[in-house]
Amino acid sequence: MWFPRLPSDRVLRAGLLHTANDNRPFALIHHEKNTDRIYCLNDAAETQCLHRGMVLSDARAYCPDLQSQPADRIADAKFLHTLARWSKRYCPWVGLDGTDGLMLNITGSAHLFGGEAAMLDDMRHRLARAGLSSHIAAANTRGAAWALTHYGHKAHDDIRALPVAALRIDAKTDTALQRLGLRKISDLLALPRATIVRRFGPDVVLRLDQAMGAQDEVISPLGETPHYGVRLTLPDPIGLIEDVMMATDRLLARLCDKLKDQEMGARQLQLTLRRVDQGAQQVELRLAAPMRDAARILPLFARGVDTVDAGYGIDQMRLEATQVERLLNAQFTSTTTSNPDDLNDLITRLGNRIGLDNIHRFLPADSHIPERSFQTVPAAYSTASGSWASLRPRPLRLFAPEPIAAGGSKPPQKFRWRRMSLTTGRATGPERIAPEWWLPDDNWRSGVRDYWTVDTREGRRLWLFYTPQDPGWFVHGEFA
């Protein structure tokens with residue numbers, strides 16, 4: 001199977017644009033060599049003399065009504081894997097062929113659909129109904145099938161009459177062969193093999209043998225995607241919280257074994273409880289870090305299970321890890337003084353009440369500007385920094401600069417701040433900080449700042465700065 005317009009067909013069949021209905025020119029674009037180029041396009045765009053690799057500005061000159069959208073190669077790869085799973089309805093041996101094709105080993109399966117011709121017709125019909133352009137062909141070898149889908153006009157064409165590019169050779173070799181008058185595969189077959197190897201290398205002969213069946217070529221099938229879900233059917237309905245937690249413990253033990261085998265950890269779990277009246281309730285648990293320790297996860301389900309209405313009883317339970325991450329095995333020694341799992345468990349407990357995205361931690365940032373020397377990120381999706389590098393002491397509290405009435409370039413002896421009259425006891429400084437000219441920041445357009453640490457007689461320890469270009473004093477932070 002070859003899907004020549006897989007990226008554009010994916011977007012159009014998803015209903016993201018109305019182009020599929022009115023058949024207007026549409027193209028996906030990607031940025032390459034400092035310009036936007038066409039990545040994939042539909043039939044209507046090709047009829048306007050547009051092609052892949054064309055500069056977008058030139059394409060709009062030819063076709064002013066062209067609709068465009070950025071390409072998403074990750075989504076295209078996921079969609080191709082989805083088609084591979086769908087193709088297993090025809091045979092169990094399905095592999096990927098590049099980024100826009102599939103290879104199926106239908107040996108022993110064609111007779112279930114009435115023969116190869118009937119099977120291929122069924123494929124074409126179903127793919128066309130799904131809005132996908134496809135070229136499908138069957139042959140005795142993988143190379144011949146690829147040649148027929150990409151260069152054959154009919155599924156039963158003789159590959160000897162196809163161009164040499166159908167042998168899956170690179171463009172440079174294809175050009176060299178055509179310059180010598182070797183335009184078809186039959187022209188290559190008429191030459192001595194030693195001559196071909198001496199002139200073009202062994203790759204051309206290898207591709208020729210693979211297409212003609214003289215050299216075996218295997219299809220690497222896609223492996224089964226691991227499914228992280230377990231189910232428990234109860235002989236008698238249960239309704240007590242203790243019973244539900246005990247059954248959850250059994251499910252967790254089985255699920256964690258699966259996760260450990262694949263070296264994965266769960267970030268999100270979903271417990272589905274089916275009642276005897278066919279109703280179902282779900283308990284969702286989001287974890288602050290990937291985990292596969294049943295003993296640690298089980299207590300985190302207690303709060304959600306406590307809110308479940310068992311009704312006339314629960315007769316089936318299902319536990320699934322809906323989101324997983326890679327979690328390699330780690331070695332712990334007796335010299336370990338702190339356990340980061342305790343903090344992750346605390347974040348998980350709080351996050352399932354107020355949301356994991358609402359729990360933040362501060363991380364250092366590479367900037368000498370006080371406001372940019374740190375960043376706040378969700379604690380569940382980041383790791384704590386080992387140390388904060390600071391050449392000068394920084395205040396515990398940092399807020400937006402607040403102006404005070406004062407004159408001169410030295411800290412004032414007396415000033416008012418937040419309705420308080422303060423007297424300077426000791427002033428340390430100045431520390432001059434220049435703005436980062438390469439970043440636009442309206443707060444730093446006044447120029448450099450001279451920072452002072454001011455200890456007041458009233459007990460406040462403030463961080464003040466003076467702006468020489470536009471004379472003025474501001475309070476920017478407060479020390480502990």
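Visitor: Does Cys 63 count as buried or exposed, and at what relative accessibility?
Guide: In this predicted model, Cys 63 has a relative accessibility of 1%, and because the cut-off for buried is under 20%, Cys 63 counts as buried.

Visitor: And what about Cys 256, buried or exposed?
Guide: Cys 256 also counts as buried, with a relative accessibility of 7%.

Visitor: How many disulfides does a search of the whole structure find?
Guide: The search covers the whole structure and returns zero disulfides.

Visitor: Switching to the surface, which residues form the nonpolar patch?
Guide: The patch is formed by Leu 343, Leu 346, Leu 350 and Ile 354, which together have about 360 Å² of accessible area. Leu 346 belongs to helix H15, residues 340-354, and counts as partly exposed because its relative accessibility is 46%.

Visitor: Now the strands: how many residues of E16 are buried?
Guide: Five of the six residues of strand E16, which spans residues 461-466, are buried, so the strand is largely enclosed by the rest of the structure.

Visitor: What does E16 pair with?
Guide: E16 pairs in the antiparallel sense with strand E15, residues 449-456, over six bridges, and Tyr 466 in E16 is the bridge partner of Asp 450. E16 also pairs in the antiparallel sense with strand E17, residues 473-478, over five bridges, where Phe 465 has Phe 474 as its bridge partner.

Visitor: How many residues sit between the strands in those hairpins?
Guide: The hairpin of E15 and E16 has four residues between its strands, and in this hairpin Gly 459 takes a positive phi near 105 degrees, whereas the hairpin of E16 and E17 has six.

Visitor: What is the order of the strands in the open sheet of four?
Guide: The order is E6-E9-E7-E8, with antiparallel pairing, and the edge strands, each pairing on one side only, are E6 (229-238) and E8 (280-291). Direction ignored, neighbouring strands of this sheet are turned against each other by 15 degrees on average.

Visitor: How many bridges join E7 to E9?
Guide: Strand E7, residues 264-275, and strand E9, residues 314-326, run antiparallel and are joined by 11 bridges, with Arg 326 in E9 as the bridge partner of Met 264.

Technical notes:
Residues numbered from 1 in each chain as written. Predicted model: local features only at pLDDT ≥ 70, side-chain atom pairs only at ≥ 80, totals over all residues. Heavy atoms only, no water. Disulfide = S-S within 2.5 Å. Buried < 20%, exposed > 50% of the residue type's maximum accessible area, 1.4 Å probe, protein only. Patch = residues over 30% accessible without salt bridge, like charges linked within 9 Å, V, L, I, M, F, W, Y side chains within 5 Å. Areas by Shrake-Rupley, 256 points an atom, 1.4 Å probe, with all protein chains shown as cover. Salt bridge = Lys/Arg side-chain N within 4 Å of Asp/Glu carboxyl O. Helix = DSSP H or I, 4+ residues; strand = E, 2+ residues; numbered from the N terminus. Pairing = 2+ DSSP bridges. Axes fitted to C-alpha atoms, helices over the stretch in contact; angles between N-to-C directions.
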